[in-house]
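The sequence and structure come first.

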Amino acid sequence: MLRIAIQKSGRLFEDSVALLHDAGISFGSNPGRLLRAQADNFPLEIIFLRDDDIPEYVEEGVVDAGIIGENVVLEKQKNVRTVERLGFGKCRLSLAMPKSTAYDGVQSLQNLRIATTYGRVLAAFLEKNNIRADIHEISGAVEIAPSLGLADAIFDIVSTGSTLLANGLREVETVLESEALLVANLALETPKQEILARLLFRLHANRNAKNHRYILMNAPNDRLHEIARIIPGMKSPTVLPLAVEGWSSLHSVVPEAVFWDVLEQLKAAGAEGILVVPIERMIV
Ligand code: ATP
Ligand code: ZN
């Protein structure tokens, strides 16, 4: 049995639940109200916690793994292993100042009072840049600190910047680009490591599937060679003869990133009846 912690409610909750569900793990339809749940079809127990507590619980082995923002992992400075970057919960930690204040590079931060809930991440950034500033750690509502006269600048999570704007602030420096991480305890016993590996296998299969398309097309046999060279497939494409003499059907898998380019080239090279279909799972 592997015990995994996810955020009980908040910005990571839904994506965390979806990640596990997409990995074929079912644990009831309304997990948000529970504190713990047992998967019916996988050796996994899910514990619902405040995100801030997850790094410590993982370090101590109270839970074996957790899904948590990188910003929180860095701030808490607990000894955990990052197993996987999960690609959701994206945000950035930035410095912001009142719009009226001049900013020309990090030197402008010298001797300022900076309000934040991320004191350690900020301290590390300031130290790296040889800036001495007065870090004012508060537990929330950081954006209003400058207008209250409590601070000259803030260091906080920014997603769209609209909260900053509403408080008369502008972003002056991005310090960290964060996303959700799957982290694990450093000393997992072998059986738990095996379960974690099974979970990862499923996450990878889903991610690969999302990043690829299955592509089918018809082509005259004399163009097959050229067309096959265009397709950046997993291996070489599958070629099947059509009932019509002199024509074949080609099948392959194409990475999402290059997919439109490939499509144009295929058409230009004489492919017809091109079909593109999503892939449900993909094991490479
Ligand atoms: P909890 O009650 O669990 O302590 P919280 O209020 O600390 O929740 P949330 O606002 O739910 O935290 O954010 C959780 C995580 O989601 C953040 O630590 C960050 O990694 C990520 N995140 C992504 N986008 C945003 C955003 N726009 N604002 C805040 N956090 C974001
Ligand atoms: Zn929190």
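The 4 donor atoms around the zinc ion (ligand 2) subtend angles of 73 to 175 degrees, so the arrangement is irregular. Four donors would count as tetrahedral with all angles between 85 and 135 degrees; four count as square planar and six as octahedral if opposite donors are over 155 degrees apart and all others between 65 and 115, and anything else is irregular. The model is predicted: local features need pLDDT of at least 70, side-chain atom pairs count only at pLDDT 80 or more, and totals for chains, interfaces and linings use all residues. Residues are numbered from 1 along each chain as its sequence is written, chains are lettered from A and ligands numbered from 1 in the order written, and side-chain values use heavy atoms, without hydrogens and water.

**Zinc site**
- D51 (OD) and D52 (OD) coordinate the zinc ion (ligand 2) at 2.0 to 2.1 Å; donors are N, O and S atoms within 2.8 Å of the metal (3.2 Å for Na, K and Ca), and sites may look incomplete, as water is not among the atoms.
- D51 is buried at 19% relative accessible area, while D52 is partly exposed at 26% (buried is under 20%, exposed over 50%, partly exposed in between; 1.4 Å probe, protein chains only).

**Ligand 1**
- Ligand 1 is surrounded by 16 residues, with R11, D51, D52, N71 and S159 the closest (a heavy atom within 4 Å).
- Polar side-chain atoms lie 2.9 Å (R50) and 2.7 Å (N71) from an oxygen atom of ligand 1.

Definitions and conventions:
Polar contact = N/O pair within 3.5 Å; in protein donor to acceptor, adjacent residues only side chain to side chain.
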